[in-house]
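Reader: I have a new structure open and want to learn to read it. Can you take me through the features one by one?

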Amino acid sequence: MRNYELVCIVQPDLDETAFKGAVDRVQGWVTETGGSVDKVEIWGRRRLSYPIRKQRDGQYVLLNITLDPKAASGLERNIRYLETAMRHLLTVV
């Protein structure tokens, strides 16, 4: 098991329940693969440095997770197909 930081930028026009649902879905993918979510920090809505999908703002969320390195590629694939996630970055801590 390895420690990771996952930063996701979610669409800014989502309401609170849809945003929470997107974060819960990512947490569910982590736990399905045998990992654990250690900490979730919601950074809130921030201005992007350049437009992504014609959006100037995004809702940022940071997840500290513990995950098997073999499952990391599957997690990134799932996040890539999540329509509400505009960008993500998974780094080893």
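**Reading the fold, step by step**

Author: Let us start with one pair of side chains. K20 and D24 form a salt bridge, 3.6 Å from N to O. Keep in mind that this is a predicted model.

Reader: What is the general idea behind such a pair?

Author: Side chains of opposite charge can pair when their charged atoms come close. Here, K20 and D24 are four residues apart in helix α1, so about one helical turn separates them.

Reader: How exposed are K20 and D24?

Author: K20 is partly exposed, at 47% relative accessibility. D24 is also partly exposed, with a relative accessible area of 34%.

Reader: How many salt bridges does a search of the whole structure find?

Author: The search finds four. One of them joins E41 and K39, with the closest N and O atoms 3.0 Å apart. E41 is partly exposed, at 28% relative accessible area. K39 is partly exposed too, at 40%.

Reader: Which residue forms a salt bridge with D57?

Author: R45 does, and the closest N and O atoms are 3.4 Å apart. D57 lies in strand β3 and R45 in strand β2, so the pair ties together parts twelve residues apart in sequence.

Reader: Are D57 and R45 buried or exposed?

Author: D57 is buried, with a relative accessible area of 19%; the cut-off for buried is under 20%. R45 counts as exposed, at 54% relative accessibility. Salt bridges with shared partners join R45, R47 and D57 into one network.

Reader: Now the strands. How do I read a sheet?

Author: Strands of a sheet pair through backbone hydrogen bonds, either parallel or antiparallel.

Reader: Over how many bridges do β2 and β3 pair?

Author: Eleven bridges, in the antiparallel sense, link β2 to β3 (residues 55-67). To see one, find V37: its bridge partner in β3 is I65. Then look at the hairpin of β2 and β3, which has two residues between the strands. There R53 takes a positive phi near 55°.

Reader: What should I look for in the interior?

Author: In soluble globular proteins, nonpolar side chains tend to be buried together. Here, the largest nonpolar core has 21 residues. L6, I65, L67, L75 and I79 have the most contacts inside it. β1, α1, β3, α2 and β4 each supply at least two residues of this core. α1 gives the most, with five residues.

Reader: What does I65 touch?

Author: Leaving out residues up to four places away in sequence, I65 touches R2, N3, Y4, V30, S36, V37, D38, L75 and L90. There is also a second, separate core of seven residues, including I9, L48, L62 and M86.

Reader: Which residues of α2 are buried?

Author: A72, G74, L75 and I79 are buried in α2. They cover an arc of only 160° around the axis, which puts them on the same side of α2.

Reader: And what covers the buried residues of α2?

Author: The cover includes β1, α1, β3 and β4.

Terms used
Residues numbered from 1 in each chain as written. Predicted model: local features only at pLDDT ≥ 70, side-chain atom pairs only at ≥ 80, totals over all residues. Heavy atoms only, no water. Pairing = 2+ DSSP bridges. Core = buried A, V, L, I, M, F, W, Y, C linked by side-chain atoms within 4.5 Å. Buried < 20%, exposed > 50% of the residue type's maximum accessible area, 1.4 Å probe, protein only. Contact = heavy atoms within 4.5 Å. Salt bridge = Lys/Arg side-chain N within 4 Å of Asp/Glu carboxyl O. Arc of directions from axis to C-beta.
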